[in-house]
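Visitor: I'd like to learn how to read the helices in a model like this one. Could you walk me through it?

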Amino acid sequence: MSIRTRKLIGTFVLFVLVALWALLAMAVAQFPPIFNNALLAGLYYLVAGVGWIFPAMPLIKWMYGKPIMSR
């Protein structure tokens, strides 16, 4: 698979990942322990805001990796 194709596929998968992550983060943020405590909410948003990077890293590495067969 060419790098160009990997980037195209990876871009769409990354958009879906970020959208699902945001929806999940918003849903979890409404739980009473997080919603009612400002300090806990701030820590949660910090972790949730940066947390999507960890599942995205392997995808980005795959997108920019060397192709198995090059022409």
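**Reading the helices**

Guide: Happy to, and keep in mind that this is a predicted model. Start with helix α3, residues 38-51: at 1.5 Å a residue, its 14 residues should span 20 Å, and the end C-alpha atoms are 19 Å apart, which agrees.

Visitor: Which residues of α3 are buried?

Guide: The general idea comes first: an α-helix has 3.6 residues a turn, so residues three or four places apart point the same way. In α3 the buried ones are A41, Y44, A48 and G51. Looking down the axis of α3, you find these buried residues within an arc of 100 degrees, so they line one face of the helix.

Visitor: What caps the N-terminal end of α3?

Guide: That's N37, with a side-chain oxygen 3.1 Å from the backbone nitrogen of L39.

Visitor: Now for a pair of helices. At what angle do α1 and α4 pack?

Guide: In general, two packed helices are described by the angle between their axes and the distance between the axes. Here α1 and α4 pack at about 170 degrees, and their axes are 9 Å apart. Angles over 145 degrees count as roughly antiparallel, and α1 and α4 are therefore roughly antiparallel to each other. From α1, the contact is made by I3, R6, K7, I9, G10, T11, V13, L14, L17 and W21, and from α4 by P55, A56, L59, W62 and M63.

Visitor: Which residues of α4 are buried, then?

Guide: A56, L59 and M63. They cover an arc of only 60 degrees around the axis, which puts them on the same side of α4. What covers them includes α1. Turned away from that buried side, the other face of α4 carries the exposed residues F54, P58 and K61.

Visitor: Let's zoom in on one residue of α1. What is W21 in contact with, leaving aside its neighbours within four places in sequence?

Guide: W21, which is found in helix α1, is in contact with A48, G51, W52 and P55. Take A48: W21 and A48 are 27 residues apart along the chain, yet their C-alpha atoms are separated by 8.3 Å.

Visitor: What is the relative accessible area of W21?

Guide: It comes to 29%, and W21 is partly exposed. For comparison, buried means under 20% and exposed over 50%.

Definitions and conventions:
Residues numbered from 1 in each chain as written. Predicted model: local features only at pLDDT ≥ 70, side-chain atom pairs only at ≥ 80, totals over all residues. Heavy atoms only, no water. Helix = DSSP H or I, 4+ residues; strand = E, 2+ residues; numbered from the N terminus. Expected span 1.5 Å × (residues − 1). Buried < 20%, exposed > 50% of the residue type's maximum accessible area, 1.4 Å probe, protein only. Arc of directions from axis to C-beta. Polar contact = N/O pair within 3.5 Å; in protein donor to acceptor, adjacent residues only side chain to side chain. Axes fitted to C-alpha atoms, helices over the stretch in contact; angles between N-to-C directions. Parallel < 35°, antiparallel > 145°, perpendicular 65-115°, else oblique. Contact = heavy atoms within 4.5 Å.
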